[in-house]
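Have the sequence and the model open side by side for this one.

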Amino acid sequence: MVVLNDEQRMLKENVDKWLAAHLTPVINDHEAAQSFPFEVLGELAQFGYLGGRIPEADGGFDLPFVTWGMLLESAGYCWGSLRTILNITNGTIQKLSAQGTEDQKDRFLQPLLRNEIRTCTGLTEPNVGSNVRGIEARADRKGDHYVINGAKLWITNGINADICLMVARTFSEDSDGALSTFIVEKDMPGFSARKVEKMTLRCTGTAELSFDNVRVPVENRLGPEGTALSGTLKGLNTARVNIAMGAVGAAQSALDLSVDYAKTRKQFGKPIGSFQLVQKHIVDMTVRVKAARALAYTAAARLDAGEEAREDCSIAKLYASQAAFEVADMALQVHGGLGYAVGYPIERIFRDTRGGTIPEGTSEIQTLIAGREILGLSAIT
Ligand SMILES: Cc1cc2nc3c(=O)[nH]c(=O)nc-3n(C[C@H](O)[C@H](O)[C@H](O)COP(=O)(O)OP(=O)(O)OC[C@H]3O[C@@H](n4cnc5c(N)ncnc54)[C@H](O)[C@@H]3O)c2cc1C
């Protein structure tokens, strides 16, 4: 089990205090309005929340993955929508830092680090989810630009985003349908975003995006033509640990609320926590939180050691996202009717933890990736 050092523990304490003082009090208002307080990202930047994983030369913090994961655990403890927006924002920041030209870094990376613009990532489409290789959106090269057509679905932050890093099948002299990434700007003619209502993570601005003959200059292609698939799959691998870390935080929050409630709520003249069946719930929750945390930090430590750690990343995401929802379910049971109350955190945590088992590869896909790594035999064509 990875043990945090003094510096990391101090950072976590400061972050947790800041989030509890500044963000926790406004979550209910934002949940009711389905809005997100983007201004807090600028203030969270002081802790490393914007650009934590990119080199200092690009304006980042160069944090080890374990420290970064710890920050996401704290974000997940506070609010699922916060963890999600941070994940998406930093996904773009990392891709721009790794693959962007100097011009792209000036126009998009630096404004993102200064919290001046919003971003989203467009992979999933109406006909394409788990099978990323099947992407149908297409980009046809016409001289100094590409013409992009297609649709993207379930895109987090899509209704707020100024830019979208979208992946399309590319057709040009050099590419016969290989995948490339493009930076589409929201005011480019032919681009539009429509809000999608959903049960989980309600403040994350989910959208369906349409690309109707959008002319995107060659300068807005991210990385060499036809190379998006390997980069995307690599990005998904580490993004899985981000989700696992956030799930650990959310589960810990549900557990803490349940322990407090079990000690203070009285029935039959005793705290409900003195009943053996309630204790069983609390212990089952604790086991899941500790196991999920151990898996998530092990994966993070392996990434820090320079390993690809595909088995560890997939297992951490698989277990932590499911465990968090199970913990939230038990927390709701421990809280009785209060657990269902809108405005009390358990109901929100219950909905939000349900959002972890689908994105960045479903639980089934994580199982197949781990199975492939363990057996050396692939069940995915
Ligand atoms: C909260 C949330 C945020 C999201 N944010 C984004 C985002 O920002 N950008 C983006 O591009 N996408 C985003 N997505 C979309 C997400 O990545 C997809 O929903 C996910 O990849 C699954 O695709 P799908 O929904 O089309 O399901 P499908 O791929 O159609 O899968 C349906 C079911 O079939 C199962 N299945 C599929 N293939 C296999 C197989 N080979 N073996 C066994 N079972 C299989 C799946 O596990 C699932 O249970 C988000 C989704 C959610 C829920």
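Let's settle one term before going anywhere: with a 1.4 Å probe and protein chains only, buried means under 20% relative accessible area, exposed means over 50%, and partly exposed is what falls in between. This is a predicted model, where local features need pLDDT of at least 70 and side-chain atom pairs count only at pLDDT 80 or more, while totals for chains, interfaces and linings use all residues. Residues are numbered from 1 along each chain as its sequence is written, and side-chain values use heavy atoms, with hydrogens and water left out.

Cysteines are a handy place to start. Cys-313 is buried, with 0% relative accessible area, and Cys-164 counts as buried too, at 0% relative accessibility. Gly-190 sits in the loop between β5 (176–185) and β6 (191–195), and counts as partly exposed at 33% relative accessibility.

Helices and strands here are DSSP runs numbered from the N terminus, with helices being H or I of at least four residues and strands being E of at least two. Go to α1, residues 6–22. This helix has 17 residues and reaches 24 Å from its first C-alpha to its last, close to the expected 24 Å at 1.5 Å a residue. The expected span is 1.5 Å times one less than the number of residues. Its buried residues are Gln-8, Lys-12, Val-15, Trp-18 and Leu-19. Seen down the axis of α1, these fall within an arc of 135°, so they line one face of the helix. The arc is that of the directions from the helix axis to the C-beta atoms. An α-helix has 3.6 residues a turn, so residues three or four places apart point the same way. On the face of α1 turned away from the buried side you'll find the exposed residues Asp-6, Met-10, Lys-17 and Ala-21.

Now jump to α11 (363–375). This helix has 13 residues and reaches 18 Å from first C-alpha to last, close to the 18 Å expected at 1.5 Å a residue. Buried in α11 are Ser-363, Ile-365, Gln-366, Ile-369 and Ala-370. They cover an arc of only 160° around the axis, which puts them on the same side of α11. Glu-364 and Leu-375 are exposed on the other side.

On a 1 Å grid over the protein atoms alone, a cavity is a set of points where a 1.4 Å probe fits but cannot get out, whereas a pocket is an open set with protein on both sides within 12 Å along at least five of seven lines; lining residues have an atom within 4 Å of a point. Grid points are joined across faces, edges and corners, and a volume is the space filled by probe spheres set on the points.

The second largest pocket holds about 610 Å³ of space. Its lining has 38 residues, and Gly-76, Tyr-77, Cys-78, Trp-79 and Ser-253 lie nearest the centre. The elements that give two or more residues to this lining are α1, α2 (27–33), α4 (65–78), α5 (80–99), α7 (228–264), α9 (310–334) and α10 (345–353). Of these, α7 gives the most, with 10 residues. The lining divides into 14 nonpolar, 14 polar and 10 charged residues.

At 17% relative accessibility, Gln-252 counts as buried. Its C-alpha is 9.5 Å from that of Arg-288, 36 residues apart along the chain.

The largest cavity contains about 30 Å³, and its lining includes Gln-34, Lys-195, Val-196 and Glu-197. By class, that lining has 2 nonpolar, 3 polar and 4 charged residues.

Phe-268 has a positive phi of about 50° although it is not a glycine. You'll find Phe-268 in the loop between β9 (266–267) and β10 (270–271), where it is exposed, with a relative accessible area of 78%. Glu-360 has a positive phi too, of about 55°, and is not a glycine either. Glu-360 lies in the loop between α10 and α11 and counts as partly exposed, at 21% relative accessibility.

Conventions
Nonpolar A, V, L, I, M, F, W, Y, C, P; charged D, E, K, R; others polar.
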